[in-house]
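I opened this model to see how its parts are arranged. My notes follow the display.

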Amino acid sequence: MKKVLYIFSLIGLLAFSSCADELNTEPTDKVSGSTIFADASSAETAINGVYRMLYVAGWSSNWGSENCGQTAIQLLGDLMAEDHLMKEQGQGWFYEDYRLNVHGDYSNKAGRPYSIWNFYYTIVSNVNYIIASENTMGGDPELKNSVVGQAYAMRAFAYYYLIQLYQQTYKGHEDAPGVPLYTGATVAGSEGSPRGTVQEFILKSILI
């Protein structure tokens, strides 16, 4: 009996080793960075994914329906404006933004500070990978320039909102702390960038 088991084990090992080279190791629901940024056509898929991020929800651990990307930020900005006045406070979506009650809690991942920060810096992180592949990306040169140009524009878009939402206006606050500026691809273990001043941030944002 033992001999039979040994034979079946040996057959199994030989069968596995003979077909191991034919196994598909590329998952069907994910694409590696080296694959997607190797060519302009696949990189265009990545920039389209960034546009999709503008309207998907889930940028915080709570209030998913009220953290629906760029639309939510525009709505809460309108509700917090000085020229907007409700007859009654009421209850419902975004009413806490109107009451200015959800912008001071930086201690968890449920509120506005985290959701907005997470949203824009996720955009920055994604487009930085596209920009970093500019010199190695193959394919149609015109399409490559279009994709990379869109990535630069989306990064500027994200930084514009970050500096507006996490600091006062430029005039009169030139030396106030800005937000961290990242111009290269980053991973979880990457060293964080310092805030610098609003003036330094604006100048660097223009030059990159």
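**Ground rules.** I am working with a predicted model, in which local features need pLDDT of at least 70 and side-chain atom pairs count only at pLDDT 80 or more, while totals for chains, interfaces and linings use all residues. Residues are numbered from 1 along each chain as its sequence is written, and side-chain values use heavy atoms, with hydrogens and water left out.

**Whole protein.** I found eight helices and zero strands; helices (H or I, at least four residues) and strands (E, at least two) are DSSP runs, numbered from the N terminus. I looked up burial next: 31% of the 208 residues are buried, where buried means under 20% relative accessible area, exposed over 50% and partly exposed in between, with a 1.4 Å probe and protein chains only. Of the contacts (heavy atoms within 4.5 Å) with a separation of 6 or more, 58% join residues 24 or more positions apart.

**Helix α3.** I noted that α3 covers residues 40-53, 14 residues in total, and spans 20 Å from its first C-alpha to its last, close to the expected 20 Å; the expected span is 1.5 Å times one less than the number of residues. Its buried residues are A40, A43, A46, I47, V50 and M53. An α-helix has 3.6 residues a turn, so residues three or four places apart point the same way.

**α3 against α6.** I then checked α6 (residues 112-132): its axis and that of α3 come within 10 Å and cross at roughly 170°. The axes are lines fitted to C-alpha atoms over the stretch in contact, with angles from 0 to 180 degrees between N-to-C directions. The two helices are therefore roughly antiparallel, a label for angles over 145 degrees. From α3, A43, A46, I47, V50 and M53 meet F119, T122, I123, N126, V127 and I130 of α6.

**S60.** This residue lies in the loop between α3 and α4 (70-79). I find S60 buried, at 13% relative accessible area. Beyond four places in sequence, S60 contacts N67, K109, A110, G111, Y114 and S115.

**Q167.** I located Q167 in the loop between α7 (141-165) and α8 (198-207). Q167 counts as buried at 17% relative accessibility. Leaving out residues up to four places away in sequence, Q167 touches A176, P177, R195 and V198. A polar atom of the Q167 side chain lies 2.7 Å from the backbone oxygen of P177.

Terms used. Angles under 35 degrees count as roughly parallel, over 145 as roughly antiparallel, 65 to 115 as roughly perpendicular and the rest as oblique. A polar contact is a pair of N or O atoms within 3.5 Å; within protein, one must be able to donate a hydrogen and the other to accept it, and residues adjacent in sequence count only if both atoms are side-chain atoms.
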